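Good morning, and thank you for joining. I shall go through one structure element by element, and I ask you to keep the display in view.

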Amino acid sequence: MHKENIITAGKPVAAASKALIMLHGRGASAEDILSLAQWFPVGDYALLAPQATNHTWYPQSFLAPPSVNEPWLSSALSLLKNMTEKLQEQGIAQEHIYFLGFSQGACLTLEFIARNAAGYGGAVAFTGGLIGDRIYPENYNGTFEGMPVFIGSSNPDFHVPVQRVHESTAVLQKMGARVTEKIYDNMGHTIIEDEIRQANELIFS
């Protein structure tokens, strides 16, 4: 399963006031996602990017039944749970813990926060949605207490249907998140400048 192989950057946790957990996409690496930090005002953050075993968080599409992505999906979710708990034990308050992911990492980000809703600092999902062949509301609990979330995606996107983005936004809003969803026509499976601007204004400002 996923081992605790976490690449860090920014400030050491002991010296930081905030922490950002960054989740890479399928086939990518922790170093790849960490390189995005240069575009965000996170100079006083501890940056933590776990590395997925074999560069993938779960083997099948995020739209497959969750059971076919086990035990990898549960292992990835457990890793994130351990990371957030450890950060709080090290003195980073819950409201100062942030999340950011791209593609498969964005799906994992949204799934984790929905299963563990709380008043975290905020979350950014660049092209992602909640995981499963359908929405499983019984898996989601807690309240976000107004936590800001930005979800950006393309219409169309080869991997992430716009309908799933809409469904995910609705779930998070129902759980008390302040979600800003932005769908870009023919953006492609990438991250664009406007998404970065939105994330900076809505989450990191």
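Contact here means heavy atoms within 4.5 Å. The model is predicted: local features need pLDDT of at least 70, side-chain atom pairs count only at pLDDT 80 or more, and totals for chains, interfaces and linings use all residues. Residues are numbered from 1 along each chain as its sequence is written, and side-chain values use heavy atoms, with hydrogens and water left out.

I begin with helix H2. Helices (H or I, at least four residues) and strands (E, at least two) are DSSP runs numbered from the N terminus. H2 covers residues 72-89. The expected span of a helix is 1.5 Å times one less than its number of residues; for the 18 residues of H2 that gives 26 Å, which agrees with end C-alpha atoms 26 Å apart. Buried means under 20% relative accessible area, exposed over 50%, and partly exposed in between, with a 1.4 Å probe and protein chains only. Among the buried residues of H2 are Leu-73, Leu-80, Met-83 and Leu-87. Their cover includes strands S1 (6-10), S2 (18-23), S3 (45-50) and S4 (97-102), together with helix H3 (104-115). After H2 comes Gly-91, with a positive phi near 105 degrees.

How many of the residues of S4 are buried? The count is 6 of the 6, so S4 is largely enclosed by the rest of the structure. Ile-97, Phe-99 and Gly-101 point one way from the strand, while Tyr-98, Leu-100 and Phe-102 point the other way. In a regular strand the side chains alternate between the two faces of the sheet.

Next, the pairing of S4. Two strands pair if DSSP finds at least two bridges between them. S2 and S4 run parallel, joined by 5 bridges, and Met-22 has Leu-100 as its bridge partner in S4. S4 also runs parallel to strand S5 (residues 122-126), again with 5 bridges; there Tyr-98 is partnered by Gly-122.

In the loop between H3 and S5 we find Asn-116. Is Asn-116 buried or exposed? At 18% relative accessibility, Asn-116 counts as buried. Leaving aside neighbours within four places in sequence, Asn-116 is in contact with Lys-81 and Asn-141. Pro-12, by comparison, is 104 residues from Asn-116 in sequence and 25 Å away in space, C-alpha to C-alpha.
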